[in-house]
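Here's a quick briefing to read with the model open on your screen. Take a look at the chain first, then work through the points below.

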Amino acid sequence: MAYKVIDFEPNTKLLNPHFEGYKLRLVDKQNANEARADSAVRLFTPGMAPIEPRKLANNALLTYDEVYSRVHYNHLFCGPRAGALAYIDGAGNVQMVSSSDSFRTLDSRPIFAIPEHGGGTALPGYPGVFCLDAKVILVFDGIERIYVLHSKSTGGTEDADQWVALGVFEIGVGSVAAGAAGDDERHRMYYVVGAHIEDTPKQGSVIRLHYCYKISKDEEKHGAGTSGHGLGAGAQRSSATADHPVPTFCIHAIQIDLPACVSPPAETPAATIPVLPTTTVHTLHSHAIPAYCEYLPYNKYVLGVKDGVVLDDTELVPQIDQQRGGFGSDVQTRHSAPYYWMQTNSDVTVCIELPTKIGARQISCVLTRSALTIGFTDADECAAKHTFDSAALFDHIVADESVWTLENGSVLTLYLQKTRENVRWPRVFGAEDGVLETMDPSEFASIRDRLEKYTSDHIEHVGPRTGLARQSADRALDQDNGGEEFDEEQSLEGGQAVIFSLRQWSTGQAEASSTGGAPDWLCASFPENKGTSCLDKQAGNKEDNSAPVCTLPKVCLKFDVDGVVFGIETASKGAAAAAAAASESKNAEAKANHMGTFAALAYIQASKREKRFMYVDADMSVAVLAESHRRVYIYHQIRETNARSAVQNVVDLGGDTEDASGELLGIQLVGRVLVVLRRRSLCCIDLDRC
């Protein structure tokens, strides 16, 4: 099976090198407390029980990635229909918030009370609401149980519909598991990373869901939580000690078949809610909680994880794709490429394995600011395969600080110092040649070790700046070392790329993936309403028979100082193509399109040390940064080519009732209204008045 590449390559035509900065435009919020219709900022206090996010248990031992996930957890959720939102109040009630007039007025009502959970084995985390379509909602109690709610029409408006529980299922070990739970199981905290409902021809409506939890390396070696899919021999492994195992996350994909029940029974007590069976479809492993999990029709999904998925038995070993190149599992396949390479934030290392041994005097290597020239004398075989004639590089380098070496007469290594640090190169040269960033970290470590003999007779010639090679190698090895001595804070906030992979639902195998050279992660786009219910179609309401549009929610990635927005798409548009994609034996075509740019957003967000939430809207008109208390920053995208400035708003929401600090617990975008959740109130910011 071919392994294709998802390229996150910015379109230079959509970048603005002339941008100078944002100009502040003040927002009038003097009438906010009166909730007047002409106010840019309106405050509502719907009489809810104050929201009190769960505190960590004293025995909770969380990784930095888990703490980071909790700090940035969004307690305000997208609703099942346009103009609807949901949150969970301090009493455990799911509150549905809706408005029919762009949130000039607001209606809030409880739709479900989460039953108290006792006897479970997991640590209590944050509860959540996942709206799968217009009539199906999942409510996660934050521990182990997930309730499936369905909307029952009352004959009035949709906002007045009654929500009843179709069933409940458990993730993880579950409180009904036989035998006593071990300490590791009791210290687990479960995270729902994605959920989707689909109407399948054979099974009817099914829910597909991914959740993850932390496992120790000792558990992983013994196969805990893998459901038969342990780590393979070629997997990345982190060093660990008996006292301090390096954490890894196990990602479970499960499926729940929904009962063919379109008219649910009347509201039933929690004790009588039917238990829905779950099926574990596959498992994966990673060193981080997934940042992105979205589903495509016909048994595909896209997973985005910092540093990528750790190779296990379900993972497809990358092979050469005839159109794009790449690397395979054996040395012979890898060596079919003319070179292999990797990069750090500051430099690029390129290794060329020569077909015959030669001397340094037979090589002519010229490195300029923008190009590479390599020639050979009396070495016809080398010249035939590895001659470069003023080949334009992807980006500029510092020529005086770049070097080349020849090791043992057979390995020509180039160390290219980047002019623009922190700019990720998707390829070495300006023209696409299909050679991906493929050097294995362990192989790079071997090169580093050999460079310790820098002054030995094995290295016959060195260009200018002889000390650079070792320094560059050290920096490269420290950044990507396959998990050994990895710095958790760096892996979350310090420039690690999120690896996106297109995967089969039934096996978890990757059909396409981005590379480590992709731009770094900034944020996702605001979620949108899901639309038509699968249960309606199951009941015979098949008004919409068109093939689904396979465009996933956008992501904003870092490119230099800018925020670059990409849309991930597949080629399966139209009924015929969608039907072909239903066969998992055929790879889907996935691509990332540069849709727009928020100038200087990457630079700005790095200066906001108190930021809690960051999103861009699906129309790419605004980017929003919210601090943990009081302040919200709104950055408007520039539409004019080469504009030198754009507008920003800073909204200080002040203190909340009985909460002078004004802690911000969640944000969502509904149309052109930004809704901010606080402990006792909702703040609505009209973007058209900003």
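Let's start with a cysteine: Cys690 has a relative accessibility of 6%, so it counts as buried. Keep in mind that this is a predicted model. The protein chain carries eleven helices and 39 strands, and buried residues account for 55% of its 690 residues.

**Overall numbers**
- Among contacts in the protein chain with a separation of 6 or more, 67% are between residues 24 or more positions apart.
- The chain's accessible surface is about 29200 Å², and carbon and sulfur atoms supply 47% of that.

**Cysteines**
- You'll find zero disulfides in this structure.
- Take Cys78: the closest cysteine sulfur to its own belongs to Cys131, and at 6.4 Å that is too far for a bond.
- Cys78 counts as buried because its relative accessibility is 17%, and the cut-off for buried is under 20%.

**The largest nonpolar core**
- This core has 30 residues, and Tyr339, Val350, Leu372, Ile374 and Leu414 are the ones with the most contacts inside it.
- Two or more residues each come from β20 (347-353), β21 (363-367), β22 (371-376), β23 (388-392), β24 (403-407) and β25 (411-417).
- Another core, of 25 residues, lies apart from this one, and Phe169, Leu209, Cys250 and Leu258 are among its members.

- Where does Tyr339 lie? Look in the loop between α4 (331-334) and β19 (340-343).
- Setting aside neighbours within four places in sequence, the contacts of Tyr339 are Val350, Cys351, Ile352, Phe388, Val428, Phe429, Asp433 and Val435.
- Thr438 is 99 residues from Tyr339 in sequence, yet their C-alpha atoms are 9.5 Å apart in space.

- β24 is mostly covered, with five of its five residues buried.
- Val403, Thr405 and Glu407 point one way from β24, while Trp404 and Leu406 point the other way; all are buried.
- β24 pairs with β25 in the antiparallel sense, over five bridges, and the bridge partner of Leu406 in β25 is Leu412.
- Three residues sit between the two strands of this hairpin, and Asn408 in the turn has a positive phi of about 55°.

**A five-stranded open sheet**
- The strand order is β12-β13-β14-β15-β18, with antiparallel pairing.
- β12 (191-200) and β18 (309-310) are at the edges with a single partner strand each, so one side of each has no neighbour in the sheet.
- β12 and β13 (residues 204-215) are joined in the antiparallel sense over nine bridges, and Val192 stands opposite Tyr211 in β13.

**Helix α1**
- In α1 (residues 64-71), the buried residues include Asp65, Glu66 and Arg70.
- Why do they end up on the same side of α1? They cover an arc of only 140° around the axis, which puts them there.
- The general rule is that an α-helix has 3.6 residues a turn, so residues three or four places apart point the same way.

Conventions. Residues numbered from 1 in each chain as written. Predicted model: local features only at pLDDT ≥ 70, side-chain atom pairs only at ≥ 80, totals over all residues. Heavy atoms only, no water. Buried < 20%, exposed > 50% of the residue type's maximum accessible area, 1.4 Å probe, protein only. Helix = DSSP H or I, 4+ residues; strand = E, 2+ residues; numbered from the N terminus. Arc of directions from axis to C-beta. Pairing = 2+ DSSP bridges. Contact = heavy atoms within 4.5 Å. Areas by Shrake-Rupley, 256 points an atom, 1.4 Å probe, with all protein chains shown as cover. Core = buried A, V, L, I, M, F, W, Y, C linked by side-chain atoms within 4.5 Å. Disulfide = S-S within 2.5 Å.
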